[in-house]
Amino acid sequence: TAGSENRESEQSDLNARAVAHENFVFRRDNITAARKWFIDNWFLAVAALSLALAGVFMVQYGIENGVISPFWRVISAAVLGIALIWLGEFVRRGWGDEAQNHTAYLPSTFSGAGLVALFSAVLAARQLYGLVTPEAAFVWLIGVSIVAIVLGWFYGPFLTVVGILGSTLAPFLVGGESGGAQLYFYYFALIAIAGLVVDAFKRWAWVSVFALIFTFIAAAYIF
């Protein structure tokens, strides 16, 4: 009986270690797979970055050129974000977003860039132009975060990567008043919460890790 209990205890320890190893994000096989994916699909990463930067620079362009009013700069960035999300959803519903499809990761590219554009529009409306109050900006950020969580449920992990990285970098690209740094505290918290919620539904542990690491670094840099 004692020997049987020892074997059961050893087996339980082995199972616990196997589970812990499986849940560890920065395993060598995960890093190798991520590197291989990036080498094979680097053009999608470049496309997502380019589209996301289009939304960011749309709200900044008028600062130096004064072509359109601040209100219409923000509206233009928001419309671009909505259009990109709609385009991503249109492609996903028609042809899919999975790796085996010929449109693999394309919907995630469009929708991820659209999320970054929406986040940038809200940040610019408050931090650059003061068009909305901090409370209103926070409500809009919550709304965009909810959209990000919903999209994260239907799309693949690439959208989550684009959304987390792009949204975390958006405040540094958009700029704004240094006195409004408190809004960024809530902003990064929302990004981290969105990542945690996506992980809770999809069981993507790396999403939580990346969201927490990137937002912590960004918040520490600002504060």
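I wrote down the ground rules here. The model is predicted, so local features need pLDDT of at least 70 and side-chain atom pairs count only at pLDDT 80 or more, while totals for chains, interfaces and linings use all residues. Residues are numbered from 1 along each chain as its sequence is written, and side-chain values use heavy atoms, with hydrogens and water left out.

**Entry 1. The overall plan.** I took helices (H or I, at least four residues) and strands (E, at least two) as DSSP runs, numbered from the N terminus. The protein has 9 helices and 0 strands. I then asked how much of it is buried, meaning under 20% relative accessible area, with exposed over 50% and partly exposed in between (1.4 Å probe, protein chains only). Buried residues make up 39% of the 223 residues. For contacts I required heavy atoms within 4.5 Å. Among contacts with a separation of 6 or more, 70% join residues 24 or more positions apart.

**Entry 2. D97.** D97 is in the loop between α4 and α5. Is D97 buried or exposed? Its relative accessibility is 5%, so D97 counts as buried. D97 and Y155 are 58 residues apart in sequence, yet their C-alpha atoms are 6.7 Å apart in space. I left aside neighbours within four places in sequence and listed the contacts of D97; among them are R92, Y155 and G156.

**Entry 3. Aromatic pairs.** A pair of aromatic rings is described by the distance of the centres and the angle of the planes. I counted rings of Phe, Tyr and Trp (its six-membered ring) as paired if their centres lie within 6.5 Å; planes under 30 degrees apart are stacked, over 60 edge-to-face, and the rest tilted. The whole structure gave 11 aromatic pairs. In one of them, F210 and F214 have ring centres 5.7 Å apart and planes at 55°, so the pair is tilted. Both residues lie in helix α9 (residues 205–222), 4 residues apart, about one turn of the helix. F210 is partly exposed at 27% relative accessibility. F214 is partly exposed too, at 29%. Elsewhere, ring pairs link F119, Y184, Y187 and F188 into a cluster.

**Entry 4. S167.** S167 lies in helix α7 (residues 157–174). This serine is buried, with a relative accessible area of 1%. With neighbours within four places in sequence left aside, S167 is in contact with V116, F119, V162, Y187 and I191.

**Entry 5. The cavity.** On a 1 Å grid over the protein atoms alone, I took a cavity as a set of points where a 1.4 Å probe fits but cannot get out, and a pocket as an open set with protein on both sides within 12 Å along at least five of seven lines; lining residues have an atom within 4 Å of a point. Grid points are joined across faces, edges and corners, and a volume is the space filled by probe spheres set on the points. I found 1 cavity of 30 Å³ or more. Of its 16 lining residues, the closest to its centre are A148, T160, G163, I164 and A194. The volume of the largest cavity is about 160 Å³. α5, α6, α7 and α8 (181–202) each supply at least two residues of its lining.

For classes, I counted Ala, Val, Leu, Ile, Met, Phe, Trp, Tyr, Cys and Pro as nonpolar, Asp, Glu, Lys and Arg as charged, and the others, Gly among them, as polar. The cavity lining has 11 nonpolar, 5 polar and no charged residues.

**Entry 6. The second largest pocket.** Its volume is about 330 Å³. V74, A78, A121, V122 and W140 are the closest to its centre among the 15 residues that line it. α4 gives the most to the lining, with 5 residues. The lining has 14 nonpolar, 1 polar and no charged residues. W140 is found in helix α6, and at 56% relative accessibility W140 counts as exposed.
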